[in-house]
Amino acid sequence: MISSSETKYQLSSSVLHDWITSFSTEALVYGMGTENHYLTQVLPEESEPPALSLVAFQFITSVKPGDIRSLLGGELPGFALYDAKIHVAGEGTNFTNLPIESTPALDELLKEREVPTEKLQINDSKDQVTPPLQTTNGRKVAFIYHSHSYESYLPLLGLEGNKNANLANDGKTNITLVGKMLGEELAERGIGAKVDDSNIGVLLNEKGWEHGKAYDVSRTIVQSAVAGNDDFNLFIDIHRDSLREKDTTVTINNEEYARTVFVIGEENPNYEKNLALAKDLHEELKVKYPGLSRGVIGKKGQGVDGIYNQDISPNAMLIEIGGVDNNLEQLSRTVKAIADVVSEHYWNTQKVNN
């Protein structure tokens with residue numbers, strides 16, 4: 001009946017998907033189990049069939065009993081931004097301090113401030129670099145890029161302490177500096193890296209697109225890179241959170257670091273592999289740098305990209321490094337920590353594969 005009805009009355013797969021995913025797995029198994037009783041044997045002994053009244057209420061209202069977010073998300077503007085899944089909660093992470101993506105107007109993304117040189121100089125002494133025991137022999141295996149290249153940090157722009165977090169955007173002095181540092185740190189650990197510093201704001205403007213199409217722009221950049229180099233094995237999209245200092249800064253061994261968050265796009269059908277990588281890196285950071293990682297967050301649904309180009313590779317990741325208040329010294333320490341765990345994970349993987 002559905003397939004033969006007029007087009008305007010047909011149910012698309014996305015509609016069916018929304019209906020199905022609005023119910024728990026157990027409820028669906030019990031529903032199918034009314035026709036095939038063997039299906040319910042996989043359920044835990046303590047599970048019980050859902051009350052029909054609750055199922056009907058949820059179907060009619062889209063409100064899930066026991067999940068207040070399903071009620072508030074449809075009534076409060078912007079509340080849906082917090083509708084994410086915490087796969088791994090780092091120290092202090094909960095639904096009140098999930099990563100926030102700033103959405104400045106396009107003209108703000110194109111601005112380029114004149115920043116004093118001293119704001120971009122790191123005061124930390126440079127550690128003595130030990131030559132790596134193994135290298136990729138000149139091959140570039142890591143591709144570092146920035147889907148929101150305009151994201152910046154208030155201290156880098158001479159705006160430290162400013163109450164307006166939306167000012168932490170700039171077309172020149174921005175997150176690409178962090179990407180360049182990460183590329184250098186990976187190279188010191190024997191991993192050849194290519195760092196893309198494309199101005200996404202300019203590319204969006206050229207296409208007449210708004211902020212929400214940034215991942216479509218960066219996707220073409222990644223695809224072009226892959227077409228020109230089949231050695232790429234790691235894809236790292238670096239971002240900056242919009243939360244303030246109390247949530248994005250941690251002290252480890254008397255030194256301040258910018259905290260990190262791994263974000264997973266759950267609309268990628270193979271996201272479990274990206275999730276496994278993010279969990280591994282989180283756990284390694286947890287051991288070496290306690291409190292640095294805020295955890296692993298999954299996102300999907302309306303208002304978010306949901307894939308973040310992670311379908312390109314099981315070794316693709318999106319890392320939020322710090323927030324609007326973090327300075328260059330804090331960012332530098334965190335970049336070294338990330339380079340440590342990423343390089344260690346890469347070389348361990350190479351040993352297993354060989």
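## Salt bridges and ring contacts

At 71% relative accessibility, Lys 246 counts as exposed (over 50%; buried is under 20%, partly exposed in between; 1.4 Å probe, protein chains only). This is a predicted model, where local features need pLDDT of at least 70, side-chain atom pairs need 80 or more, and totals for chains, interfaces and linings use all residues. Numbering runs from 1 along each chain as its sequence is written, and side-chain values use heavy atoms, leaving out hydrogens and water.

**Salt bridges**

- There are 13 salt bridges here (Lys or Arg side-chain nitrogen within 4 Å of an Asp or Glu carboxyl oxygen).
- Lys 246 pairs up with Asp 247, with the closest N and O atoms 3.2 Å apart, and Asp 247 is buried at 15% relative accessible area.

- Arg 244 meets Asp 325 at 2.8 Å, N to O. The two are 81 residues apart: Arg 244 is in the β4–α9 loop and Asp 325 in the β9–α11 loop (DSSP runs numbered from the N terminus: helices H or I, at least four residues; strands E, at least two).
- Arg 244 is partly exposed at 26%, while Asp 325 is buried at 13%.
- Lys 172 bridges to Glu 114, with 3.9 Å between the closest N and O atoms. This pair is 58 residues apart, with Lys 172 in the loop between β2 and α6, and Glu 114 in the loop between α5 and β2.
- Lys 172 is partly exposed at 40%, and Glu 114 is exposed at 71%.

**Around the rings**

- Trp 209 has Lys 207 over its face, 5.2 Å from the ring centre (NZ of Lys or CZ of Arg within 6 Å of the centre and within 35 degrees of the ring normal).
- The charged end of Lys 213 also sits over the Trp 209 ring, 4.9 Å from its centre.
- Tyr 346 and Trp 347 are both buried.
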